[in-house]
Amino acid sequence: MPLDFFSWHSYRGVSKTVVMDEFVHRTLCEYGYGDVEIHLNEWNTDRTRETRGTTKASADVAAMMMAMHETKMSMMCYYDARVGISVYGGLFNPMTYEPYCTYYSFKAFGKLYAMENQVEVTGDLGDGLYAMAATDGTARGILIANIGEEKEIETNLGRGYTAYRIDEKHFMTKARVSVRNIKLKQYDTLYIEKTL
């Protein structure tokens with residue numbers, strides 16, 4: 001019997017969700033459904049009152065989208081974007097209706113997605129460090145999220161890049177960051193771009 005898609009949920013962290021996705025894809029292949037679309041139609045990494053809308057949540061969301069982009073996943077649906085009293089509503093503050101910083105992780109990822117041409121990121125990206133880059137021929141963008149321990153990364157980026165910080169105090173606002181030698185604390189999220 002044919003399947004249009006296979007859907008599943010995850011409310012775990014990034015690394016466990018990637019393992020679950022690998023299991024889903026492997027199992028579908030074993031049963032002859034290796035080409036079926038896979039939909040992670042509910043996911044949320046930080047659904048507690050203490051973590052909703054925090055710097056940690058925005059870094060986790062950015063890391064999850066970057067990690068899952070490298071899998072067989074066809075579609076991801078964050079749960080959820082409601083403006084109301086719920087620990088699952090992680091994008092908007094229910095008291096002010098203003099976006100949480102987590103919203104800006106989606107915005108940064110969306111900027112990369114709109115560029116359409118993913119660019120390879122090389123180097124040591126283990127231990128909770130996630131990065132993705134894209135270009136459309138007129139602009140370049142890079143999203144970096146560190147959900148692991150504090151670290152320092154060196155890049156080959158030249159002049160003309162602007163960095164934007166995403167956290168509870170910075171809603172994708174310009175940051176004074178050396179794009180050649182980036183120091184990342186745990187849960188730092190940066191979007192870096194350049195217009196060509």
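Colleague: In which sense do strand 4 and strand 5 pair, and over how many bridges?
Modeller: This is a predicted model, where local features need pLDDT of at least 70 and side-chain atom pairs count only at pLDDT 80 or more, while totals for chains, interfaces and linings use all residues. Residues are numbered from 1 along each chain as its sequence is written, and side-chain values use heavy atoms, leaving out hydrogens and water. Strands here are DSSP runs of E with at least two residues, helices are runs of H or I with at least four, both numbered from the N terminus, and two strands pair if DSSP finds at least two bridges between them. Strand 5 covers residues 129-135, and its pairing with strand 4 is antiparallel, over three bridges.

Colleague: Which strands are the edges of the open sheet?
Modeller: Happy to trace it: the six strands run in the order 4-5-6-11-8-9, with antiparallel pairing. Each edge strand pairs on one side only, which gives strand 4 (117-119) and strand 9 (171-175).

Colleague: Which residues does Met66 contact, leaving aside neighbours within four places in sequence?
Modeller: Contact means heavy atoms within 4.5 Å. With those neighbours left aside, the partners of Met66 are Phe109, Tyr130, Ala131, Met132, Leu143, Ile144 and Ala145.
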